[in-house]
Amino acid sequence: MKHFNFFPVFYETFIYLPVKRDKMRKDIIKSLIALKQNEIPFDVINRDVKLPINRKKIITVPGVRRCGKSTLMEIAINSLVEGGGVPADHILWLGFDDERLVNMKANELDEVITSYMEMYPDTPVKDVHMFFDEIQLISGWEYFVLRVYKSYCKNVFVCGSNATMLSTELASALRGYPLEYVTYPLSFNEYCRFKGVNTSSFLEQDRAKVRNAFLSYCCDDSSYPEVVLTRSKSEQIKLLHGYFDTMILKDLAEHYSISNIAMLRYFIKRIMANLTKPTSINAIYNDIRSQGFKVSKDNMYYACDIFMFIRIPKYNRSLAKVQKSLDKYYCIDNGLRSVVLMPQSDDSGKKLENVIFLELNRRYAADDSIFYYQGTDECDFVLQRGDTVSELIQVTWDMSDYDTRQREVAGLIEASEVTGCDKLTIITVDEETTINETDKTIHVIPAWKWLLQ
């Protein structure tokens with residue numbers, strides 16, 4: 001009887017296939033690194049926010065989808081190479097959204113470092129600047145990043161979509177090491193830069209262009225970078241619907257295991273419709289339940305975690321009362337809201353207030369606070385730095401109507417008396433003046449001018 005020895009063949013295959021697979025993946029990693037290096041310097045439009053390049057910290061870049069997080073990292077690389085004298089081959093950029101890498105495991109991420117070292121054996125790893133895009137697609141990525149930072153390299157930048165790498169999750173995963181740079185869609189100044197509008201000229205015709213650009217920025221257009229650079233209106237609408245669908249399906253439904261997509265869409269539209277007004281999540285929750293939907297109330301707060309909305313509480317000296325108050329909700333982009341909600345023509349006031357809030361949110365530091373005031377009268381924004389209220393702001397489309405003017409002034413005066421703050425501002429579309437009321441001075445400024453300060 002003839003005997004066959006299968007073991008050597010099996011053993012050889014068992015050893016050979018993983019080794020071959022690892023080599024193929026390392027070849028892919030090397031190719032991706034080289035391709036990105038060949039793009040340096042990147043052809044990008046500068047943003048107002050700059051990532052620090054010599055802080056020796058893990059720099060994290062959270063933010064809403066498609067707002068330009070990867071571009072911020074590319075701008076940082078341009079600064080390193082063109083202004084900092086860093087050779088392009090000292091840049092390690094790897095995007096983990098490549099379909100050939102999505103099946104990597106956390107314990108295989110060392111191949112990224114070894115692949116680079118094989119490419120540049122004479123380059124000390126400590127001198128490399130590492131940029132990891134969409135690394136959250138690899139489960140357990142944070143342990144790899146921490147180990148790289150502690151053991152190899154202090155120049156680590158991490159950027160990713162909100163599906164599995166939210167702002168709060170980043171801080172927890174990286175255990176306090178990161179410096180966080182939250183990214184937003186374009187500010188008005190950046191919008192003008194993308195549109196080629198000169199904001200520094202004092203010529204009247206150029207000022208007119210700035211004012212017209214503001215009306216488009218506030219009421220007609222989106223501030224997402226890709227959308228702003230897209231000329232076709234129909235293509236812009238398609239892009240925005242695509243962003244919204246991805247946020248609904250990936251960042252909310254998939255990430256938080258929410259199965260009822262119709263309910264989710266309805267909830268978000270309700271929040272969008274109530275923009276700038278105190279909003280009761282509990283009331284919307286009860287309304288949805290009354291329609292027969294089964295839903296967790298906690299799921300409804302997740303829209304803020306993915307930066308689709310930002311909420312602010314009512315001002316009160318009592319922290320307990322602040323926590324019990326109804327929040328106001330602001331949307332990350334007027335254009336996104338418009339294509340989803342199709343708002344009516346009287347929506348311009350809400351859009352203006354939304355634009356002003358987003359700019360305030362960009363300008364204020366993480367330990368500053370933004371509230372709204374509501375007593376007998378109302379004030380749109382109470383700005384607090386530390387324990388001190390630093391400014392009170394009202395936002396209104398125009399004050400040509402006497403009753404509107406009196407209402408806006410009365411809200412500021414009451415909020416001033418309650419908070420002790422005397423820096424009072426009213427932002428309108430185009431009015432500029434000074435109002436003296438009792439013993440207080442109120443500065444009225446056009447929105448386009450305030451946004452460019």
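Select E226 and Y243. Their side chains make a polar contact at 2.5 Å. The model is predicted, so read that distance as a computed value. E226 sits in helix α8, residues 225-228. At 32% relative accessibility, E226 is partly exposed. Now show its surroundings: leaving out residues up to four places away in sequence, E226 touches R66, L239 and Y243.

**Salt bridges**

The model holds 29 salt bridges in total. Visit a few within helices.

Start with E235 and K238. They form a salt bridge with an N to O distance of 3.7 Å. Both belong to helix α9, residues 233-254, and they are 3 residues apart, about one turn of the helix. E235 is partly exposed at 36%, while K238 is exposed at 56%.

Next, select K23 and D27. This salt bridge has an N to O distance of 3.2 Å. Both residues lie in helix α1, 4 residues apart, again about one turn. D27 is partly exposed, with a relative accessible area of 36%.

Then go to E359 and R363. Their closest N and O atoms are 2.9 Å apart, in a salt bridge. Helix α15, residues 348-363, carries both; they are 4 residues apart, so about one helical turn separates them. Is E359 buried or exposed? E359 is buried, with a relative accessible area of 8%. R363 is partly exposed at 33%.

Finish with R25, E108 and E111. These are linked in a network of salt bridges.

Select D206 in helix α7, residues 204-220. D206 is buried, yet has no salt bridge. Which side chain of opposite charge is nearest to D206? That is K209, 4.2 Å away. Leaving out residues up to four places away in sequence, D206 touches N198 and S201.

**A three-stranded sheet**

Switch to cartoon and select β6, β7 and β8. The 3 strands form an open antiparallel sheet in the order β6-β8-β7. At the edges are β6 (278-279) and β7 (309-312), each pairing on one side only.

Select β8, residues 327-331, together with β7. These two pair in the antiparallel sense over 4 bridges. Pick out two partners: I310 bridges to Y330, and F309 bridges to C331. Turn to the other neighbour. β6 and β8 are joined by 2 bridges and run antiparallel. There, P278 stands opposite K328.

Now colour β8 by accessibility. Of its 5 residues, 5 are buried. Both faces are covered: D327, Y329 and C331 are on one side, K328 and Y330 on the other.

**Cysteines**

How many disulfides does the model have? The count is 0. Select C218 and C219. C218 is in no disulfide, and the nearest cysteine sulfur, that of C219, is 3.8 Å away. C218 is buried at 0% relative accessibility.

Now try C379. The closest cysteine sulfur is in C421, 8.9 Å away, too far for a bond. C379 is also buried, at 0% relative accessibility.

**Backbone stops**

Most residues other than glycine have a negative phi, and most peptide bonds are trans. The last stops depart from that pattern.

Select I40 and P41. A cis peptide bond joins them, with omega about -5 degrees. P41 is in the loop between α1 (7-38) and β1 (58-61).

Go to T276. Its phi is positive, about 75 degrees, although T276 is not a glycine. T276 lies in the loop between α10 (261-273) and β6. At 9% relative accessibility, T276 is buried.

End at T438. Its phi is also positive, near 50 degrees. T438 occupies the loop between β13 (433-437) and β14 (440-446). Is T438 buried or exposed? T438 is exposed, with a relative accessible area of 69%.

Terms used
Residues are numbered from 1 along each chain as its sequence is written. This is a predicted model: local features need pLDDT of at least 70, side-chain atom pairs count only at pLDDT 80 or more; totals for chains, interfaces and linings use all residues. Side-chain values use heavy atoms; hydrogens and water are left out. Buried means under 20% relative accessible area, exposed over 50%, partly exposed in between (1.4 Å probe, protein chains only). Lys and Arg count as positive and Asp and Glu as negative; His and the chain ends are not counted. A salt bridge is a side-chain nitrogen of Lys or Arg within 4 Å of a carboxyl oxygen of Asp or Glu. Contact means heavy atoms within 4.5 Å. Two strands pair if DSSP finds at least two bridges between them. A disulfide is a pair of cysteine sulfur atoms within 2.5 Å. A polar contact is a pair of N or O atoms within 3.5 Å; within protein, one must be able to donate a hydrogen and the other to accept it, and residues adjacent in sequence count only if both atoms are side-chain atoms.
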